[in-house]
Amino acid sequence: MAVDLLLGLQWGDEGKGKIVDVFTSKYDIIARFQGGPNAGHTLVFNGRKHVLHTIPSGIFHDNTTNLVGNGVVIDPVIFKKELDKLDEQNVDYRKSLCISRKAHIILPTHRLLDAASEASKGKAKIGSTLKGIGPTYMDKTGRNGIRVGDIELSNWKDKYRALADKHEAMIAFYNVDIQYDLEELETDFFDAIETLKSLKFIDSEEFIHQSQNSGKSILAEGAQGSLLDIDFGTYPFVTSSNTTAAGACTGLGVAPNKIGEVFGIFKAYTTRVGSGPFPTELFDENGETMARVGHEFGATTGRPRRCGWLDLVALRYACQVNGVTQLIMMKGDVLSGFKKLQVCTSYNYKGETISHLPYNIEAENVTPIYTEMDGWKEDLTEMTEASQLPAEFNAYVVFLENELNIPITIVSVGPDRKQTIVRKTV
């Protein structure tokens, strides 16, 4: 069986968690393959909002196995808080949740290093969530990290102490005012480690391989978005992992020829959290309306998201890099009421019209070129069939399909799992 992928195509926050939740009934296994608790996947069902950070979005379905893959970095303290909330909802996660032994662990000092590094940059800061993600991936690639499998070893606390001491020396080197009580942080950390040890640790690449051979259906769930990819995103304003399709291969141990459908998710407009270039960003009433109606605040950080018109240059690039086979458009309902919509179809790049994403998309180099379209006034949130969608909305979707040459098979018209309309099947 091939492994299907579900990926964000913008700067994250596209609504991946909701669609994974909608799709889960079709899959035996949901697997996270990269990122850490800087991601927040919001699910809404039965009148209640649920926010997950590290745990896969299939956890609310009884018959689904949920895997935290080797490419993920885990903060045991945040992970324990997620589990506590699942306990409150009587979710029996111990039978359905498993963790790769090769996943790396975020230490308290990783978070402190993150804060020290960001503080040292001043105005040049990249907008880190300060969750310790970057320093943990740095230790991973520097071959210093501590993995989940290490906590099964008798000497793992010696490894912890050596690495934490190294981190404290690095924090001192930054020479910034970072106040902390490491002893208190470590009390919470080691308590959370004991909770983590109560879960099932597995050799996940073997598990995935055997599951494929036995005909199990698998959906790999991405975190963040393609434009935050460490290689292909708007560097250095990116995350520390590969958020694109290739990251699923390295983050789960899946061979490239075993990838099936690649579902790409995008908003009907564009948002971004934190620093970095954003060619179609709006600073007017339209941007304020998108933010207000779309409740554009980070699920993890609470930070307000910057809003702008849909950027097809960036979206086309993300589709190419990922090999997207089907598109899913989220938050079409947020654009209801706009008389006119603008869609960026190309850039003026240093005086030349281009339709590809160049190396640098800072404002001094790039000016978006827009195509104007009619908006729609109808409230989409109560619609349940494709036949109910207004003509202007359909024209918008068809225009995007033609520009991208990929079918938009699903549109979302609200946050609840029921507010999901299948336009076509392929």
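Guide: Buried means under 20% relative accessible area. The model here is predicted.

Visitor: Does R305 count as buried or exposed?

Guide: R305 counts as buried because its relative accessibility is 12%.

Visitor: Which residue does R305 meet in a salt bridge?

Guide: First the general idea: side chains of opposite charge can pair when their charged atoms come close. In this structure, the side chain of R305 meets that of D13 in a salt bridge, at 3.3 Å from N to O. D13 lies in the loop between β1 and α1, and R305 in the loop between α9 and β13, so the pair ties together parts 292 residues apart in sequence. D13 is partly exposed, with a relative accessible area of 25%.

Visitor: How many salt bridges does a search of the whole structure find?

Guide: The search finds 20. One of them joins R316 and E403, at 3.3 Å from N to O. R316 lies in helix α10 and E403 in helix α11, so this pair ties together parts 87 residues apart in sequence.

Visitor: How are two packed helices described?

Guide: By the angle between their axes and the distance between the axes. Here, the axes of α3 and α6 come within 9 Å and cross at roughly 130°, which means that α3 is oblique to α6. P108, T109 and L112 in α3 meet L182, L185 and F189 in α6. By class, this contact has five nonpolar residues, one polar and no charged ones.

Key
Residues numbered from 1 in each chain as written. Predicted model: local features only at pLDDT ≥ 70, side-chain atom pairs only at ≥ 80, totals over all residues. Heavy atoms only, no water. Axes fitted to C-alpha atoms, helices over the stretch in contact; angles between N-to-C directions. Helix = DSSP H or I, 4+ residues; strand = E, 2+ residues; numbered from the N terminus. Parallel < 35°, antiparallel > 145°, perpendicular 65-115°, else oblique. Contact = heavy atoms within 4.5 Å. Nonpolar A, V, L, I, M, F, W, Y, C, P; charged D, E, K, R; others polar. Salt bridge = Lys/Arg side-chain N within 4 Å of Asp/Glu carboxyl O. Buried < 20%, exposed > 50% of the residue type's maximum accessible area, 1.4 Å probe, protein only.
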